[in-house]
Amino acid sequence: MAANNFPIFFSFIAALLAAIFTSANGSERKAHIVYMGAIQNRAMAESTHHLNLLRSVIGTSSVTEGSYIRSYGRSFNGFVAELTGGEAEQLAAMDGVVSVFESKELKTKTTRSWDFLGFQQPKRNLAGELDVIIGSIDSGIWPESESFNDEGIGPPPQKWRGVCAGGENFTCNHKVIGARYYSSSSARDDKGHGTHTASTAIGKSVTTDGFYGIAGGVARGAVPSSRLAVYSACSPSCTDVEILAAFDDAIADGVDIITISLGGFDLSDLRVDCIAIGAYHAMVKGILTVQSAGNDGPVVGSVESVAPWLFSVAATTTDRSIVDEIVLGNGKTVSGYSINPFTPNKDVPLIYGTNASKSCSFQNPEVCSCLDPKLVKGKIVQCKSFAGIFKAVDAGAAGAIVLNDKADNVSFIVPLPAIALNFTAYEQVTNYAISEPNPHVRILKSVAIKDGYAPMAAQFSSRGPNLLLPEIMKPDIAAPGVEILASVNPQPPNSDTPGDNRTVNFTIMSGTSMACPHVAGLAAYVKSFHPNWSPSAIKSAIMTTAEEITNTDGFLSGEFLHGSGQINPKQAIEPGLVYEIFEDDYLKFLCGNGFDSKSVRGISGNKSDCSKFSTKFSPQDLNYPAMVFEVPPMKPFVVKFQRIVTNVGTANSTYKSEFSPFSIVYVLKSSEKLNVSVEPTELTFKDLNEKKSFVVTVAGGSIPARTGFSSALIWSDGIHKVRSPIVVNVKLPPTPTSN
């Protein structure tokens with residue numbers, strides 16, 4: 001997928017991934033991943049063993065060798081082969097196989113932001129920062145970008161086990177210490193998406209004039225002295241096969257944090273989610289994986305990153321908004337949204353899409369689907385669809401005014417003078433055009449203004465609740481993801497439009513893809529101060545110190561929009577208390593969510609058996625930094641959450657508890673009151689790393705469906721505030737079935 005400026009608007013249909021051929025019975029073969037969990041025996045993770053498994057199903061050696069694609073065996077066990085549906089089912093039933101699933105295509109979720117977060121002059125541990133390695137699984141990078149220069153940075157840390165195998169015309173340095181590619185000829189970024197996300201997390205400070213003078217300033221990452229390892233898995237497309245290969249290598253190479261601004265479609269089972277699989281094995285090795293939540297908002301329950309060991313990131317606005325204006329021929333000004341660098345020199349005739357179209361047959365002329373080049377030449381065309389911008393370019397128009405029917409209040413780079421208007425503003429232009437016999441308009445150059453309402457969740461950002469695992473809050477956290485300036489591949493196009501030949505070194509993008517690396521960079525920052533902290537401790541520190549977001553989008557509020565809140569970099573390195581989760585805890589959780597012993601043994605690579613865990617283990621008792629539970633509608637309930645916190649603040653300290661008032665999370669209002677309590681109400685610590693447990697109880701009466709409540713438990717010792725969201729979500733009633 002092209003990832004320059006419209007990662008929000010387009011969904012891409014999964015492509016066939018390998019050469020398809022016909023077997024003896026005529027069944028179609030497709031690339032499938034045979035996932036075999038942790039490596040229990042090195043010989044079992046070799047390609048020879050994988051080929052033997054294939055032969056036992058396919059039969060002939062020639063077909064087996066033609067079907068086999070690759071093996072995974074550095075960090076977890078598995079292989080890829082072209083299989084029919086029947087062959088996939090046979091392999092899935094074999095001992096040692098956790099799951100078999102068809103490879104899918106995933107999609108990308110794609111300056112001022114760090115300053116907005118209060119991170120202008122942060123406290124730094126330079127020695128620790130130099131030792132942190134971020135692995136970027138994306139479309140590669142542009143290695144010559146100034147964001148990746150290694151001035152003042154010494155050789156890689158001794159723990160690094162990777163290589164610089166970036167392929168054609170790709171050179172590493174002391175900052176970009178490793179590179180690998182999987183389906184192209186190089187780790188060089190041909191899209192711009194990977195360069196943008198990597199530089200947001202880890203880029204050196206670079207003074208820039210922005211995008212043609214718009215939103216200039218100093219562009220930088222959270223940890224400009226940390227190292228980058230590049231895993232180019234999205235060129236030309238992002239598929240499960242390449243993503244798992246990148247995880248296999250990144251884990252074995254020794255990265256500390258993985259950032260992956262990608263997402264898929266299938267939320268039916270964690271055993272077929274390649275990112276959840278890779279991230280699980282990363283977690284076992286002490287590596288935190290940060291993933292974008294998705295760009296399918298404002299749909300409720302659209303969040304795609306759902307596994308509890310993933311750090312799932314929603315997108316918010318910053319206090320810098322990029323806007324544009326048009327001046328009508330009658331002198332009135334109308335405001336809208338675009339990143340439009342073109343400076344006007346005169347008024348231009350305005351023509352409505354219906355009047356600029358000929359021979360439309362079954363197409364809709366209002367949305368400019370059939371523009372006549374002769375009628376739009378030298379004119380600005382008005383289109384009742386955002387896609388009209390591209391139609392205007394194709395037809396050779398001088399500019400476009402379009403209805404913003406995609407995402408409110410977000411600006412995107414345009415390939416010609418253009419602006420997107422909300423419905424009221426669009427109608428104002430329409431009325432002017434109708435009333436004037438010779439309408440003219442001038443589209444001004446975009447400017448950056450102060451947004452006093454920030455932070456707000458972006459409308460495109462995917463929402464909770466977590467439909468697959470309701471007891472796990474998703475998204476986890478929010479970070480800036482709207483109109484983010486960062487480095488880019490300088491090769492055109494910059495607006496996803498063929499023929500747009502402008503070249504820049506920095507560009508502006510929006511998406512949860514842009515939010516994700518902010519959190520990955522912050523995780524690396526926390527790691528630089530606390531190198532021995534577990535992935536769950538780092539995640540907890542960022543979640544429990546987050547700033548609560550009170551602004552809403554008018555439809556949904558609370559944790560289903562933004563998780564724990566907006567990241568707070570300065571506080572995250574000193575959280576006071578952390579919630580830790582280890583592999584056994586996750587295995588108990590999986591057993592409590594319907595995984596059988598065979599799957600759990602395969603995933604973990606040990607003798608784990610669900611029967612050895614307490615049958616009373618409840619999924620909501622996973623030691624997560626948030627507490628979420630689903631209750632049936634119109635029935636009284638009592639829910640208990642058991643939690644354990646570890647003292648990482650000061651040795652002798654006492655934390656007192658308080659609760660924020662319950663608020664409505666979404667959709668319907670309810671007069672029902674909820675009661676919440678914690679036992680004990682105080683936690684006293686004598687030593688660092690000491691652990692204390694507590695139980696939170698929430699009770700309520702009859703609450704209607706489509707209602708949710710949120711509160712928060714806050715532990716405070718007078719210095720630290722440890723905030724943990726509490727969410728009660730009322731289940732939807734079952735859909736009636738007709739006989």
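In the predicted model, Glu105 has Thr239 of strand S11 as its bridge partner. This pair belongs to the contact between strand S5 (residues 105–108) and S11, which run antiparallel and are joined by two bridges. Both strands are part of an open sheet of three strands, ordered S11-S5-S13 and paired in the antiparallel sense. Strand S11 (238–239) and strand S13 (262–263) each have a single partner strand, so one side of each is left without a neighbour in the sheet.

A further open sheet comprises seven strands in the order S7-S10-S6-S12-S14-S15-S24, with parallel pairing. Its edges are formed by strand S7 (176–181) and strand S24 (477–480), each of which pairs on one side only. From one strand to the next, the twist averages 25°. Within this sheet, four bridges connect strand S14 (residues 288–292) with strand S15 (residues 310–316) in the parallel sense; Gln291 has Ser312 in S15 as its bridge partner. Helix H6 (residues 193–202) packs on the sheet and touches both strand S6 (133–138) and strand S10 (227–232). The direction of H6 makes about 160° with that of S6.

The buried residues of the helix are Ala425, Tyr426, Val429, Thr430, Tyr432 and Ala433. Viewed down the axis of H11, these residues fall within an arc of 160°, and they therefore line one face of the helix. The face turned away from the buried side carries the exposed residues Phe423, Thr424, Ile434 and Ser435.

A search of the whole structure finds nine aromatic pairs. One of these is formed by Phe211 and Tyr212 in an edge-to-face arrangement, with 5.0 Å centre to centre and 80° between the planes. As to accessibility, Phe211 counts as buried because its relative accessibility is 0%, under the 20% limit for that class. Tyr212, at 34% relative accessibility, counts as partly exposed, since this class lies between the 20% limit and the 50% above which a residue is exposed. Elsewhere, ring pairs link Tyr280, Trp309 and Tyr586 into a cluster.

Terms used: Residues numbered from 1 in each chain as written. Predicted model: local features only at pLDDT ≥ 70, side-chain atom pairs only at ≥ 80, totals over all residues. Heavy atoms only, no water. Buried < 20%, exposed > 50% of the residue type's maximum accessible area, 1.4 Å probe, protein only. Arc of directions from axis to C-beta. Pairing = 2+ DSSP bridges. Axes fitted to C-alpha atoms, helices over the stretch in contact; angles between N-to-C directions. Contact = heavy atoms within 4.5 Å. Phe/Tyr/Trp six-rings, centres within 6.5 Å; stacked < 30°, edge-to-face > 60°.
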